[in-house]
Amino acid sequence: VIQLESVHIEEMRGIRLLDLNLNRKNFAISGPNGSGKSGVIDAIEFGLTGEIKRLAGSGTKGLSVSEHGPHVDKVKFPGASFVELRVYLPTLAQSVSIKRSIQNPKKLEIIPDTKEIRTVLDAVANHPEVTLSRRDIMRFILVEPSKRSQEIQTLLKLDELGDTRAALKTAQNRLQQSLRNAQSQTLNAKNSLLLHLQISELRSELVLESVNERRTLLGLTLINELVATTKVDIDSAADTSASKFNKVSAQKDIDVLQAEVADIDKLGSDEIKEILQGIARLESDAGLFIMIQQRSLIEKGFELIEGPTCPLCDLPWGDEEHLRAHLTEKLEKSTEAAELTSRISSLASKLSGIIDNTVGRLNMVANIARAKEIDAKVEARALDDWKTDLLLFRKGISTTEGLIAEKVRFEKGWLALPKDLHEKVNTIEKLVGALPDQSAITAAQSFLAITQERLDDFRKSRQAEERAKKAATAGKLAYDTYCNVLESELNTLYEDVQNDFSLYYRQLNEDDEDTFNAKFTPSEGALGLDVNFYERGLFPPAAYHSEGHQDGMGVCLYLALMKRLFGDNFLLALFDDVVMSVDADHRYQFCKLLKANFPHTQFVLTTHDRVWAEQMKSAGLVTSKTSLAFHSWSVDTGPMVESNKEIWEEIAASLAKGKVEVAAASLRRHLEYFATHQCDQLGAHPQFRADGNYELGDLLPAALSRISNLLGKAADAAQSWSDTVAKDKATNLRKDIGTAANAALVEQWAVNKSLHYNEWANLGKKDFEPVVAAFRQLLNLFHCATCDSPLHASPKARPESLRCACNAHNFNLNKKV
Amino acid sequence: MSKLPQIIADKFLSELGQADDITDEQIEALRKLLEGGKKLKPADIENIFAPIEVSDL
């Protein structure tokens, strides 16, 4: 979306003041650990997004941009900590200056500030993934499949897909639960009707037979057809209140309740047993119990992270993404708790069905007790009290916490039958039994009235069930359809990513894994990854590949994902020490990979390995103008910058102040760096040291010897090809380097200690100036005057050429056969 | 930046709209929810498929 032209950083992280000119080109920053490299990446990231990833995510508790973003001496002056970036917006073909301060990270000052520019920059702020650190890359490789899926979907901005799927699933589950409740209600209404009619199944001919028997007795017209609107008590009685008590029906209702109460201990016994086992499991694992307690809270909290402010305190979210990631991680840890919760909820749902049935029976008998013919108010209240208790209990066990809280009740008789209920029901039964038998006419009238009432209940319940069934079907269809579409689209996406990932990894390891391929295995909410190991089959990445190779996989997968996310708009990536993940043997291929596949992407890379930084130059990924070295850092100064160009000015400045020892230290440090790098570039062979602690006295003579040898070979080869121009060029360069080396007295280090670099600090200014000039002359000869890249042997082991990055120098080392 | 969510939403609504058990009104209500730019809530979806009816109360 954008590219960086320049960076100005003040008082941020470990940096006091730093200016970088990137000119929309790749840029490398090298320096030892703790020299401030990552601070540059942090500052650029902050300028673009207002966030610093290193101060967020797991393991960063207590860290924040506001408190830890400023330089440590400027924490109380956040306004002094800011970043100014000059960025280029290709879509608008325009350069823009932006400034962001720690004092107000959300506020971006833009010059010029237009709606179009702000839209582009807002989009950039929404893409912190352009920054990649070493710890980031393993998020895709060495993680559980479910975590990988989540990480990748987050990176690809697909979080909302998971949110939508989760919402559809929850809605589906709730609609299914509503259907089960409705079915339970219908069953209760049906049983109540069957009981009253004294028939075994609800068939219209059986209902009508029973109804018409009473209607005949009452001299009413018979009903021939039972349809949804049929009124079975039509024309039966004027006094409806008197007609709703039927002695025979009441006695049967009471009998059913008594029978149920007699066997109450058996109701739900299997479910209770399993629920108690679940509770015991929770009690044996305090962590699991806490997780369950927190899970519903976290789920609710997760839903509330919407909008710019916290719904509780109405303050803006400090770091919404951080909070979201934190809660997601906690939810993932509670998978076992979730499974247990789900099972217990299902069992509780069955118990709720039993309660509904019992409550239905209680309602019937309580209505009988309240009938004016009985008027047993105390007994009716006792039944109502038990019903209220059961309904409260039913509500309580609808949550896991509530269910756990009822452990004692589950153990001691979960329906909590009141002690005197038998007595109360017996009282009602006696009162009913003591009533004179109703006249045939009255009994028939009340029978029809109650039939109509229970038929109405049944019809309403069935209609409600039908609606619940349609809703549940629709909910399931919606969820299934969404999952199918999601899976299909993600499979296509993963296949593209998988192919690019395999291609990049093959390019990175073309010497030994040129047949590499990877296989993604997507499933619901998870993404498995297996990789080919030397054609022996597919295995998890960590099974056989080395850590270095796994790091390489992480970078390749990241690049494949970024290609998918941005397409042609992948214009900027900030790699913080990521390139260290690529092992030494594959660094050239890594540079080639970036150049070949992402020619329009500006990579800003940091590395603590200066040789690697130089290899980036040799490979043409960066140039001397687009690279920078930090040689040290202090809390007062921030990073100390060193560059090929500036080092001579730095030394001259020290000498001008008469500080020979400072100039000598700078020269020595630069020569160490130069000699190390040049030995690597030329494949030189300093005397081997097992501890790897090579000194300047080992390295520089070895580099001189090697280049002299290679240039000699180049002259011989040119001679064999009758190429006098090349021969003269090689011979002259060899001669120039020899002369410069003599002037710098390098060869005499071994024989004359007073000329050794260790003694430089003791020289006077006038004595040291010629030394500096001699080395400057010598070092320049190792570099191409056109592209400023160092000469390097290719390949290093048995070189066939000696050349620079732009090929202005390209000495053939092979003689004509 | 990523158009995948929109592609998935369109395909989802298109396929779901062909089901006999789903009405055009429900599809439109779902479309509004998905295009609203807000995170979907289960209750909103429930209300589309099982609207609370006065007669049920």
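Buried here means under 20% relative accessible area, exposed means over 50%, and partly exposed is anything in between, using a 1.4 Å probe and protein chains only. At 7% relative accessibility, A:T186 counts as buried, and that residue is a handy way into this predicted model. Local features need pLDDT of at least 70 and side-chain atom pairs count only at pLDDT 80 or more, while totals for chains, interfaces and linings use all residues. Residues are numbered from 1 along each chain as its sequence is written, chains are lettered from A and ligands numbered from 1 in the order in which they are written, and side-chain values use heavy atoms, with hydrogens and water left out.

**Around A:T186**

- A:T186 sits in helix α6 of chain A, residues 159-197. Helices (H or I, at least four residues) and strands (E, at least two) are DSSP runs, numbered from the N terminus.
- Which residues does A:T186 touch, leaving aside those up to four places away in sequence? They are A:F458, A:S461, A:R462 and A:E465, where a contact means heavy atoms within 4.5 Å.

**The two chains**

- Chain A has 27 helices and 17 strands, and 48% of its 817 residues are buried.
- Of the chain A contacts with a separation of 6 or more, 68% are between residues 24 or more positions apart.
- Chain A exposes about 38600 Å², with carbon and sulfur atoms supplying 51% of that area. Accessible areas come from the Shrake-Rupley method with a 1.4 Å probe, and for residues only the protein chains shown count as cover.
- Chain B has 3 helices and 0 strands, running α-α-α from the N terminus on.
- In chain B, 32% of the 57 residues are buried. The chain exposes about 3700 Å², and carbon and sulfur atoms supply 49% of it.

**Nonpolar cores**

- A nonpolar core is a set of buried Ala, Val, Leu, Ile, Met, Phe, Trp, Tyr and Cys residues joined through side-chain atoms within 4.5 Å.
- The largest one has 124 residues, and those with the most contacts inside it are A:F501, A:L559, A:F575, A:F590 and B:F49. Helix α18 of chain A (residues 440-508) gives this core its largest share, 18 residues.
- B:F49 has contacts in both chains: A:L175, A:A471, A:A474, A:G475 and A:A478 in chain A, plus B:I22, B:Q26 and B:L30 in chain B, not counting residues up to four places away in sequence.
- There's also a second, separate core of 49 residues, which includes A:V660, A:L671, A:F782 and A:A793.

- β12 of chain A (residues 602-607) is mostly covered, with 6 of its 6 residues buried.
- In a regular strand the side chains alternate between the two faces of the sheet.
- Both faces of β12(A) are covered: A:Q602, A:V604 and A:T606 are buried on one side, and A:F603, A:L605 and A:T607 on the other.
- Strand β3 of chain A (residues 27-30) runs parallel to β12(A) and is joined to it by 4 bridges; A:I29 has A:T606 as its bridge partner. Two strands pair if DSSP finds at least two bridges between them.
- Strand β11 of chain A (residues 572-576) is also parallel to β12(A), with 5 bridges, and A:A573 stands opposite A:F603.
- β11(A), helix α21 of chain A (residues 587-597) and β12(A) form a right-handed β-α-β unit. Right-handed means that, with the strands pointing away from the viewer, the path from the first strand over the helix to the second runs clockwise.

**Helix α22(A)**

- All 9 of the 9 residues of α22 in chain A (residues 610-618) are buried, so the helix is largely enclosed by the rest of the structure.
- Among those buried residues are A:R610, A:E614 and A:K617.
- A:G620 follows α22(A) and has a positive phi, near 80°.

**Cysteines**

- A:C804 is buried at 0% relative accessible area, and A:C679 is buried at 6%.
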